[in-house]
Amino acid sequence: MDKIAINGGKPLSGEIVVSGMKNAAVAILLANIMVEGECIIENLPNISDVTISLDILSAMGAKIEHIAPGSVRIDSTDILPCSAPDELVKKMRASYYVLGAELARFGRSTVACPGGCDFGVRPIDQHIKGFEALGATVSVTDNHIVAVTASGVIGDSVFMDVVSVGATINIMLAAVKAKGVTVIENAAREPHIVDTANFLNACGAKISGAGTDVIKITGVPTLHGVTYAIIPDMIEAGTYMVLAASTYSKLKISNVIPKHLDSITAKLVEMGAEVLEDDDSVTVYRSGELTPITVKTRPYPGFPTDMNPQMCTLMCLANGKSRMIEGVWDNRFRYVEELKRMGADIDVDDTTATINGNPGKMKGANVRAVDLRAGAAMVIAGLSVKDHTEIEDIFHIQRGYEDIIGKLQAVGADIKIITT
Ligand code: EPU
């Protein structure tokens, strides 16, 4: 079993280059199911969720060729419908994109119920509601989701009851080759929705409004292959920004789109960190005390839920009472027990965590990565305290952070993987 071992408490310095965005990569890779032609996808992060997505495509009949680090050639011409293997689908939440993409290409889809991080109930009712509005009959039986249309998807209006990233992308996928026009209202606005729409438009789709809460999709009969580069990962960038602030470090975080980081930058500045923006980089440092603050996570452009554990860790290092209010998931605070092993004083009441910050009380410990972003928070905590920390269940971290060990070693961190 692999663990991450950290000797923390040292300031870091240098540059970290951010990889392609996980949540855009998984959507765009699975959207390839709809393309009858050859695509080259670039700036793919080398993480296990990308490997699982490629394995799903390959098992369905796509030809995959790795042409350079971060670049793959995908030919989905010979993909067969309803052929995504259960054991792969169950490994990753984003496998639900097979549903929308297969509906678009074949008018039917069968997919096992997807896996992923556990934040409590993770319904897919909005995905199903959208598919049904577009003419599909959807049933969930025996841990499988089955969606069937009589003769293909038909465009219509979909008003989403909940702002959902996955449902917005999935309905968009299903609608791309529909007969007629689809309008998604109350759509999510995350940058990876825009990236997926840009990829599909480059393939010949007609999508407008991605990035706003109304997306219009005019159906087209076919999609052609393209070469497309994934945008940088704002959550990976945000994680390293918080790391700089938590370790009294100066880090240049490059290959980013600073606009995507606005909500994170604002909260770091409120806590007392300095953030210098350039065209495609941010430099973060702090020299003084951190100020306690309140953060509420919201859909984009609000503060991202996927930065909740990392930010909460930083709050433990600010003297005084901070609050983290989770506005997206109903059970995002499972990591709090792990931070408490490291000396944190945190009370959780439903979706609010009250953090009684005291940097002097934080110490190294043996902890678990209970999910992907929780694991990143443990790395931040471990590097922030003058002590030894070991983190178990690091496969969660490897799902979403390309070469986290190498990137951190390069800026001076004492961090390594140990096999026990
Ligand atoms: N929801 C519903 N019904 C649905 C779908 C969602 O009620 O049909 C609710 C959820 O229960 C949640 C809220 O809507 O309370 C938002 O969920 P959303 O659908 O937006 O989440 P997701 O698409 O399943 C993506 C990311 C997550 C990230 C969330 C929120 C991917 C593959 N995953 O999940 O990323 O937390 O959006 O921003 O894009 C991560 O990268 O670590 C991660 C978990």
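Predicted model: local features only at pLDDT ≥ 70, side-chain atom pairs only at ≥ 80, totals over all residues.
Local features need pLDDT of at least 70 and side-chain atom pairs count only at pLDDT 80 or more, while totals for chains, interfaces and linings use all residues. Residues are numbered from 1 along each chain as its sequence is written, and side-chain values use heavy atoms, with hydrogens and water left out.

The ligand is surrounded by 26 residues, a residue being counted if one of its heavy atoms lies within 4 Å of the molecule. The closest are Ser164, Val165, Gly166, Asp306 and Val328. Some polar contacts can be listed (pairs of N or O atoms within 3.5 Å; within protein, one must be able to donate a hydrogen and the other to accept it, and residues adjacent in sequence count only if both atoms are side-chain atoms). A nitrogen atom of the ligand lies 2.8 Å from a polar side-chain atom of Asp125. A polar backbone atom of Val165 is 2.7 Å from a ligand oxygen atom, and an N or O atom in the side chain of Arg373 is 2.8 Å from an oxygen atom of the ligand. On its own the ligand has 820 Å² of accessible area, of which the protein covers 90%; such areas come from the Shrake-Rupley method with a 1.4 Å probe, and for residues only the protein chains shown count as cover.

Helix α6 spans residues 165-175. Helices (H or I, at least four residues) and strands (E, at least two) are DSSP runs, numbered from the N terminus. At the start of α6, a side-chain oxygen of Ser164 comes within 3.5 Å of the backbone nitrogen of Gly166. Ten of the eleven residues of α6 are buried, where buried means under 20% relative accessible area, exposed over 50% and partly exposed in between (1.4 Å probe, protein chains only).

Elsewhere, four strands form an open, mixed sheet in the order β17-β18-β20-β19, with pairing requiring at least two DSSP bridges between two strands. Strands β17 and β18 (residues 320-325) run parallel and are joined by three bridges. Lys296 stands opposite Ile325 in β18. Helix α10 (residues 308-316) packs on this sheet and touches β17, β18, β19 and β20 (352-357), contact meaning heavy atoms within 4.5 Å.

Ile231 is in the loop between β13 (227-229) and α8 (234-246). Ile231 counts as buried because its relative accessibility is 16%. Leaving aside residues up to four places away in sequence, its contacts include Gly20, Met21, Pro191 and His260.

Key: Axes fitted to C-alpha atoms, helices over the stretch in contact; angles between N-to-C directions.
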